[in-house]
Amino acid sequence: MTGAADVEVFLDDTPGETRGVIARGGRYTHLLIHREEEAAQHRLGARSVGRVTQIIPGLRAAFVDLGAGPDAFLPLGRNDSLAQGARIEVAVVAEPRDGKGAAVRRLGPGEGAPRLLESGLSIVQTLRRLAPDAPILTGVPAIDASLEAESEALAEVHAFAADGLDLAVQRTRALVAVDIDHAPAPGRDPAKGRARANAEGLRQAARLIGLKGWGGLVIIDAVGDGRDGEALSRAVRAAFSEFPQAAFGPVSRFGLAQLSLSWTRTPVEEVLSPSVRTRAQALARQLRRRLLTDTASARIVARCAPEEKAAVEPLVAALGPRAAVVADPSVAPGRGRIQED
């Protein structure tokens, strides 16, 4: 168990994007990202009045217009009855992903045009809920933590040299695949080494899946031949015990562990998908860090590719009079740099 003293919480409030980061025992467990252009109706926990646009009897589901973005998906119970055009009040239980709208839960009847009634939790509120006793660090430490957490969240292969672990955590359209490899230390009991490697590999896999914001079907290929399915099942349940509504399946005859996790947030790799907007945000964060560390320079300039200037400009303007942006044809897209004027 990680004590309160081992929990670190960071808030990076760069113009255009707010990030919240939590580290437990020196390892990042949460990376929360809100971009200001995102529709508030689609954030986890947001409550809205929606209009039913389509009923899909075969799926026992409906699509609901929330007043912004793609229609949300509403599963229907066996006894639910809805008509196209009906106004209902709904709450977001899963944010958009894979080009699909949010998933919502029906709260009751609604009135009027589709609109937001109550926003979901802010980044700060979520951090307070997840780590109520830890101080929230801002400024340069928060920027650095957010970049480190981003790098780990976007990686597919993770090495833990001290434990002799090589861990792959990869997502396809259908499932999340976890592959745990272990290099045993010479002279040690191989069976005990495999058990320790699986326990640590599963713990790190659970942490990384949470950091990445993933859900769905998870298939785990652990160290060993999978003959002791009961031991592997216990280890999987222990590692993923903090995931709400996790459903655990049996170990397959091929020694693969199986479980299903609920989707809640948009995956980090989708929020940070390569685009002019993402590159502009990264440059603004880099410039903000420089402004915080260099308080003597009268003016600090971000130089970027001409096609990125329009996206960078409003973010830089929000950083204050010491910040500026210049379009430079010699700078390749995504290769912006920071310098004194």
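## Basis of the description

Buried means under 20% relative accessible area, exposed over 50%, and partly exposed in between, with a 1.4 Å probe and protein chains only. Helices (H or I, at least four residues) and strands (E, at least two) are DSSP runs numbered from the N terminus.

The model is predicted: local features need pLDDT of at least 70, side-chain atom pairs count only at pLDDT 80 or more, and totals for chains, interfaces and linings use all residues. Residues are numbered from 1 along each chain as its sequence is written, and side-chain values use heavy atoms, with hydrogens and water left out.

## Helix 7 and its surroundings

In helix 7 (residues 309-317), Val312, Leu315 and Val316 are buried. Viewed down the helix axis, these buried residues fall within an arc of 100° (taken from the directions from the axis to the C-beta atoms), so they line one face of helix 7. Ala310, Pro314 and Ala317 are exposed on the other side of helix 7.

The buried residues of helix 7 pack against helix 6, strand 17 (300-304) and strand 18 (323-327), where contact means heavy atoms within 4.5 Å.

## Glu308

Glu308 lies in the loop between strand 17 and helix 7. Glu308 has a relative accessible area of 2% and is therefore buried. Apart from neighbours within four places in sequence, Glu308 is in contact with Val276, Arg279, Pro333 and Gly334.
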